[in-house]
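Hello,

I am handing over a structure for you to look at. My notes on it follow below.

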Amino acid sequence: MLDFAIHATCGAARAGRLATPHGVVETPAFMPVGTLGAVKGVGPEALEEAGASILLANLYHLSLRPGIDAIERLGGLHAFAGWQRPILTDSGGFQVWSLAGLRRVDADGVTFRSHLDGATLRFTPQDVVRRQARLGVDVAMVLDECPPWPVAREEAAASWRRTLAWARTAREAVEPVRAATGWRGGLFGIVQGSSFEDLRQGAAAELAGLDFDGYAIGGVSVGEPPETLRATVEWTAPVLPASRPRYLMGVGYPQDIAHAVACGVDLFDCVLPARNARHGTLFTRAGMLKIKNAVYREDPRPVEEGCPCPCCRRVSRAFLHHLVRAGELTGKVLATLHNLRHYLDFMADLRQSVVSGSLAQPRVSALDAAAPASSRG
């Protein structure tokens with residue numbers, strides 16, 4: 001249901017083209033996180049103008065409100081959200097990890113208590129595929145269990161066995177769902193296995209045999225140190241089918257993205273650019289800029305010279321400092337637009353580096369020292 005073609009390589013890195021029912025995504029690509037169908041403070045037109053070619057939404061949250069039935073009646077998620085480019089939906093596996101006190105996992109799926117009103121919500125592998133098909137998304141993720149970190153090897157192995165069983169069930173369900181609904185999107189499997197090399201590589205090999213439309217590396221950026229995150233990518237990516245897109249879930253620091261691209265990963269998502277922006281931290285080519293600091297109170301320069309985002313084109317660091325310190329919503333929106341444009345331009349630079357064969361030293365060294373260990377959204 002998806003068409004993926006690689007048109008350039010540089011070592012293990014790939015520049016490709018992922019064709020979906022709602023358009024083409026040039027890879028490697030970053031997906032802004034629109035949990036409820038929108039990035040906080042950013043409308044679909046502004047997101048398009050920033051250069052986003054694909055958006056990530058969350059099935060768990062959309063199932064709670066407004067509900068899959070309502071979205072389906074309103075024409076599907078694209079029509080509902082006013083976003084006509086591709087959409088990928090996370091299946092709820094991250095919520096299996098993050099909502100530990102509100103969920104119960106069993107062999108057949110997950111039962112959640114809503115964090116909004118305590119109502120019960122049940123996810124099974126088959127139902128998760130059906131829900132995403134009813135939304136009409138371009139890429140659906142299988143239901144998976146994301147174990148905590150650190151975790152004992154025995155627990156990680158048991159968690160992976162459950163995820164593999166769910167993946168098999170989802171794979172068996174997808175063709176009947178397509179036949180019943182006319183859905184033309186793709187289904188991605190998810191590799192788990194925590195920080196254990198043999199589990200990760202075995203998981204990747206077993207999933208590859210199930211012939212998914214694409215493959216994701218999940219269960220990373222959940223508190224592990226950067227060297228463990230990067231080692232996990234190095235172990236896993238080469239085992240995944242070279243002919244299918246590879247997606248690293250929830251990893252968002254530029255230096256980690258550049259490392260993963262060099263390992264052959266194609267898709268990324270993270271809340272980091274938008275969340276950091278709302279707290280006054282902006283990404284630039286020289287490093288991270290904390291706009292609340294007093295040094296910017298009378299700084300007439302833009303956040304970054306030459307940046308084409310609306311923030312840098314129109315306002316000064318001094319004005320953005322004023323807005324953010326005052327708690328003015330406009331400051332959060334402008335900062336978010338800058339960070340999203342920075343990330344999307346960064347991905348364009350990486351694509352060009354792959355095409356030109358010059359990826360060996362990605363331009364991210366200034367950010368390495370500033371980045372904390374975890375960026376999972």
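Which residue in E16 is the bridge partner of Phe283? It is Met288. First, some ground rules. This is a predicted model: local features need pLDDT of at least 70, side-chain atom pairs count only at pLDDT 80 or more, and totals for chains, interfaces and linings use all residues. Residues are numbered from 1 along each chain as its sequence is written, and side-chain values use heavy atoms, with hydrogens and water left out.

Now the strands. Helices (H or I, at least four residues) and strands (E, at least two) are DSSP runs, numbered from the N terminus. Two strands pair if DSSP finds at least two bridges between them. E15 and E16 (residues 287–290) pair in the antiparallel sense, over four bridges. A hairpin of two residues joins E15 to E16.

Next, the rings. Rings of Phe, Tyr and Trp (its six-membered ring) pair if their centres lie within 6.5 Å; planes under 30 degrees apart are stacked, over 60 edge-to-face, the rest tilted. The count is five aromatic pairs. Phe30 and Tyr343 have ring centres 5.0 Å apart and planes at 50°, so this pair is tilted. Phe30 lies in strand E4 (residues 29–32) and Tyr343 in helix H14 (residues 329–356), so the pair ties together parts 313 residues apart in sequence. Both Phe30 and Tyr343 are buried (under 20% relative accessible area; exposed is over 50%, partly exposed in between; 1.4 Å probe, protein chains only).

Phe283 and Tyr343 form an edge-to-face pair, 5.2 Å centre to centre with 85° between the planes. Phe283 lies in strand E15 (residues 281–284), so its pair with Tyr343 in H14 ties together parts 60 residues apart in sequence. Phe283 is buried, at 1% relative accessible area. Ring pairs link Phe30, Phe283 and Tyr343 into a cluster.

Best wishes
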